[in-house]
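These are my notebook entries from an afternoon with one chain. I wrote down what I looked up, in the order I looked.

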Amino acid sequence: MKTLCIGHTTYDISVPIDGYPIENGKYQLTDKMESSGSGASNAAFLLSKWNVETYFSGVIGYDDFGTFIKKEMEKAGIKTAFLETSYDKKTSTSFILINSQNHTRTIFSIEPEEYHLKKYEYDMNPDAIYMDGYEYSASITAMNKYPNAISVLDASLPTKNLIALARDAKYLLCSIEFAEGISNTKIDFSNPVTLLTVYKRVKDRYPKSEIIITLKQYGALYCMNNEVKQMPPLSVSEVDRTGAGDIFRAAFTYAIASGYDIESSVRIANIAAALSTSKMGGKESIPLLSEVIQNYENRFGPMKQEQKPQEDLSKTNIEEPKIEQIPQQAPLPPNNLNIQQEAIALLQNNVTANSGLNQPPQTMDQK
């Protein structure tokens, strides 16, 4: 299997601190972690670690940080033929403060000016394309050139480019922020009706895509056999959540491209993301594939691949993005998904119960 990861990369410095810093305070820190980071970059590291032939397409600056990132990728087995160096820009950097008391993180991203790929003449025929939305032109070029490849989009925020790319991605992995922005509905976990409303409105906006909405500590929302389900997270002792979302999306990409169905792929992604939070760092916390498989089979039995023929997506070329206004009062989409509101109490009980993956996912039309 070959995968092309297209997007952003940064040089990250992560620092654990006991609590959140107080203004005008002074702290003596004894530990730090330096590594490459960002969505498509972290995805590339996971896929390569899981024995996938992985190519990364993005830009680094002409500085020590850029050199560090390239060497780190090559050491991990990631192919850097499509990694460009911008000779008049500096590599993006991030400082990440990790609160060791409650395991939250605060990220300071430093990117004085955006810089993008100038060349994207891919010649490696990928089975899957992973995009974080940062490189719009390169992403549409890849999807147009390889219409039969599985395309996975990390939809983090409802920006102009992500809204446009989402129209053609086969698998749309939405953050809460993206889903709320597109649906014009705020998710209230004490009122699961809002989860159903958001999912249906996003699906209505992107009917060609398979929608998965990541819910942070509440797991993930997905649809299988016309049933919207919520997969609870795996309960672990958290240390650091940095990169967990990227690891979820990368593991999902691995699973779906390997022939697993939606539900199994979400399970694999959930397990990988949860295991990653038990260690510090982004790519440093990526679990071994063998760990994920063992955890999965201990809970659900043998992993079974269900290879299905790929849909021919070569209908029309993807257009340049048009600025789409998020509807201010979007109507509730038609009830084309098998959802019954009288069963919503099941979801309410589930999402407030911080339960582990050892119980089956909750189906919203279950009685």
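I began with axes, which are lines fitted to C-alpha atoms, for helices over the stretch in contact, with angles running from 0 to 180 degrees between N-to-C directions. The model is predicted, so I noted that local features need pLDDT of at least 70, that side-chain atom pairs count only at pLDDT 80 or more, and that totals for chains, interfaces and linings use all residues. Residues are numbered from 1 along each chain as its sequence is written, and side-chain values use heavy atoms, with hydrogens and water left out.

**Entry 1: α1 and α7**

I looked up helix α1 (residues 39-49) and helix α7 (residues 244-257); their axes come within 9 Å and cross at roughly 50°. Helices here are DSSP runs of H or I with at least four residues, strands are runs of E with at least two, and both are numbered from the N terminus. Angles under 35 degrees count as roughly parallel, over 145 as roughly antiparallel, 65 to 115 as roughly perpendicular and the rest as oblique. I therefore put α1 and α7 down as oblique to each other. Their crossing is right-handed, which is the label when the near helix is turned clockwise from the far one by less than a right angle, with anticlockwise being left-handed.

Which residues meet here? On the α1 side I listed Gly39, Asn42, Ala43, Leu46 and Leu47, and on the α7 side Asp246, Ile247, Ala250, Ala251 and Tyr254. Contact means heavy atoms within 4.5 Å.

I then checked how covered α1 is: 10 of its 11 residues are buried. Buried means under 20% relative accessible area, exposed over 50%, and partly exposed in between (1.4 Å probe, protein chains only). Just after α1, asparagine 51 takes a positive phi of about 65°.

Helix α8 (residues 262-276) has 15 residues and spans 21 Å from first C-alpha to last, close to the 21 Å expected. The expected span is 1.5 Å times one less than the number of residues. I found 15 of the 15 residues of α8 buried, so the helix is largely enclosed by the rest of the structure.

At the start of α8, a side-chain oxygen of aspartate 261 comes within 3.3 Å of the backbone nitrogen of glutamate 263.

The axes of α8 and helix α9 (residues 289-300) come within 10 Å and cross at roughly 120°. That makes this pair oblique as well. I noted the crossing of α8 and α9 as right-handed. Ser264, Arg267, Ile268, Ile271, Ala272 and Leu275 of α8 make the contact with Glu291, Val292, Asn295, Tyr296 and Phe300 of α9.

**Entry 2: two strand residues**

Is asparagine 99 buried or exposed? I found asparagine 99 in strand β6 (residues 93-99), and its 9% relative accessibility makes it buried. A polar atom of its side chain lies 2.9 Å from the backbone nitrogen of glutamine 101. Beyond neighbours within four places in sequence, asparagine 99 is in contact with Ile17, Gly19, Tyr20 and Thr104.

Lysine 2 is in strand β1 (residues 2-6) and is partly exposed, at 28% relative accessible area. Lysine 2 and valine 52 are 50 residues apart in sequence, yet 6.2 Å apart in space, C-alpha to C-alpha.

**Entry 3: the chain**

Notes:
A polar contact is a pair of N or O atoms within 3.5 Å; within protein, one must be able to donate a hydrogen and the other to accept it, and residues adjacent in sequence count only if both atoms are side-chain atoms.
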